[in-house]
Amino acid sequence: MERCDVLVLGGGPAGSSCAWGLRDSRLDVRVADRATFPRDKACAGWITPQVLSALGIEPEAYRKERVLQPIRGLSLARQGDLATVVDCGEVVSFGIRRSEFDHFLLERTNARLYLGDPTLDLRREAGRWVRNGELAARVLVGAGGHFCPVARELGARADGSEPATVHACEIEFEMTPAQQRACAVRPDLPALVFGRDLRGYGWVLRKGDWLNIGLGRRDGRDLPRRTDEFLTWLGATGRIPTGVARQLRRHAYLFHAESPRALAAEGVLLVGDAAGLACARSGEGIRPAVESGLLAARTIAEGIRRPPADMARAYARALLQRFGARPGRARPGLTGRLPASWRGAFAHHALTSRWFASRIVVDRWFLHRRDPALGGF
Ligand SMILES: Cc1cc2nc3c(=O)[nH]c(=O)nc-3n(C[C@H](O)[C@H](O)[C@H](O)COP(=O)(O)OP(=O)(O)OC[C@H]3O[C@@H](n4cnc5c(N)ncnc54)[C@H](O)[C@@H]3O)c2cc1C
């Protein structure tokens, strides 16, 4: 049987960041993914600058061959209300295409890749993790996203019944010149449209010639129908071109604070969506995926020769330090304490207040302007 030091299962942003973080470690690192790359992933493709900084990516170099849409602010509204436009006057985040971004990250890892190769069997044998009966690894990194088989080994249900599940649907397509003219949403000011019950929001994100439209909600009931209605409303109000083909892609993921998932066990670390690390307010999952991948890499590089249980504890500590404690349920913010019937009125007043939209929604909830990028990689 073949042996390696680290097997990363999943080549999305979490797995590739972990492998990249280990590039100078002299460890034998392998990455296995059931997909061949470039592959797509249901995602709006909005990233904060902290992601590029942590990964040492120069925006100018990246955009030479790929889409990197500079974003200067957000247009915010409750559905049916006038929008409040928050223009930060400088580039505050970016739009990427996941097929390009994930491929780029995976290619620069220097790890040996097993692509188009699903993991069908995992077992613990003589202190190692054995994949498909062929490859034995000292450390296994579960980076297979929400449905990660490693997370399931550690008890994740991934059947939609876990608390804190976000359900989201989206479409992405390249606009024709006529569609570009008919799209009122500016590329540098994506539109976010909050539901009246504040249980989720829809978005329109224009990335170069590409358009991504979607809806994410805490409540997955009727999501395709709600998304369909959202698309109809966007078309009827002139925000997007009409007649858009509606081939919706659906996926789910978990918010960190409420996630019931394990973070690590003996010889195993979970990263990204496999661990359920997304930010509750914005639904941002790429930054936690990248940061947890890097923190896993650091923990492995420092701790692979120590007892496996020590490494698992060190990683869990690093995650809690970076992302905060996991009380197991959301701390009810102001909106959570309001009766459901008052939330719509609150959303209306909050989103039409320039101060609240700019300082709280954009700066704090979406951009995490006070949180510096993870350094040292
Ligand atoms: C509709 C939608 C929109 C979103 N928009 C945004 C956004 O704009 N910005 C943002 O920050 N976050 C967004 N998110 C969240 C974000 O997409 C995820 O948090 C992020 O992709 C997590 O990265 P990951 O590497 O953990 O998992 P993934 O990106 O899901 O990667 C997991 C990898 O594991 C592989 N894999 C799975 N099972 C197996 C197996 N059995 N064997 C081998 N390989 C396997 C998969 O092929 C995949 O390549 C969105 C999510 C959804 C659903």
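A: Start with burial: a residue is buried under 20% relative accessible area, exposed over 50%, and partly exposed in between (1.4 Å probe, protein chains only). D363 has a relative accessible area of 17%, so D363 is classed as buried. This is a predicted model, in which local features need pLDDT of at least 70 and side-chain atom pairs count only at pLDDT 80 or more, while totals for chains, interfaces and linings use all residues. Residues are numbered from 1 along each chain as its sequence is written, and side-chain values use heavy atoms, with hydrogens and water left out.

Q: Where does D363 sit, and which residues does D363 touch beyond four places away in sequence?
A: Helices (H or I, at least four residues) and strands (E, at least two) are DSSP runs, numbered from the N terminus. D363 belongs to helix α12, which covers residues 354–366. Contact means heavy atoms within 4.5 Å. Leaving out residues up to four places away in sequence, D363 touches S358, H368 and R369.

Q: Is T352 buried or exposed, or in between?
A: With a relative accessible area of 41%, T352 counts as partly exposed. T352 lies in helix α11 (residues 340–352). For a sense of distance, the C-alpha atoms of T352 and A318 are separated by 38 Å, and the two residues are 34 apart along the chain.

Q: How do I read strand pairing, and which strands does β11 pair with?
A: Two strands pair if DSSP finds at least two bridges between them. Strand β1 (residues 2–9) runs parallel to β11 and is joined to it by 7 bridges, with L7 bridged to L140 in β11. Strand β18 (residues 268–270) also pairs with β11 in the parallel sense, over 3 bridges; there L270 in β18 stands opposite G142. Strand β10 (residues 128–131) runs antiparallel to β11, with 3 bridges, and V130 has A136 in β11 as its bridge partner. β10 and β11 form a hairpin with 3 residues between them, and N132 in the turn has a positive phi of about 50°.

Q: Why is β11 described as largely enclosed?
A: Of the 8 residues in strand β11 (residues 135–142), 7 are buried, so the strand is largely enclosed by the rest of the structure.

Q: What makes a strand an edge strand in a sheet?
A: Take the open sheet of 3 strands in the order β3-β7-β4, with antiparallel pairing. β3 (46–47) and β4 (68–71) each have a single partner strand, so one side of each is left without a neighbour in the sheet. β4 pairs with strand β7 (residues 93–96) over 4 bridges in the antiparallel sense, and one of these links I71 to S93 in β7.

Q: What is the order of the open sheet with 7 strands?
A: The order is β6-β5-β13-β14-β15-β12-β16, and the pairing is mixed. Its edge strands are β6 (84–87) and β16 (249–254), each pairing on one side only. Axes are lines fitted to C-alpha atoms, for helices over the stretch in contact, and angles run from 0 to 180 degrees between N-to-C directions. The twist averages 20° from one strand to the next. Strand β5 (residues 73–78) pairs antiparallel with β6 over 4 bridges, and L74 stands opposite V86 in β6.

Q: Which strands does α12 lie across?
A: α12 lies across β5, β6, β13 and β14, running at about 55° to β6.

Q: How should I read a nonpolar core, and which residues have the most contacts inside the largest one?
A: A nonpolar core is a set of buried Ala, Val, Leu, Ile, Met, Phe, Trp, Tyr and Cys residues joined through side-chain atoms within 4.5 Å. In soluble globular proteins, nonpolar side chains tend to be buried together. Here the largest core has 67 residues, and V6, F101 and I300 have the most contacts inside it. Helix α8 (residues 286–303) gives the largest share, 8 residues. A second, separate core of 23 residues includes L74, I360, V362 and L367.

Q: How do α1 and α8 cross?
A: The axes of helix α1 (residues 13–21) and α8 come within 7 Å and cross at roughly 35°.
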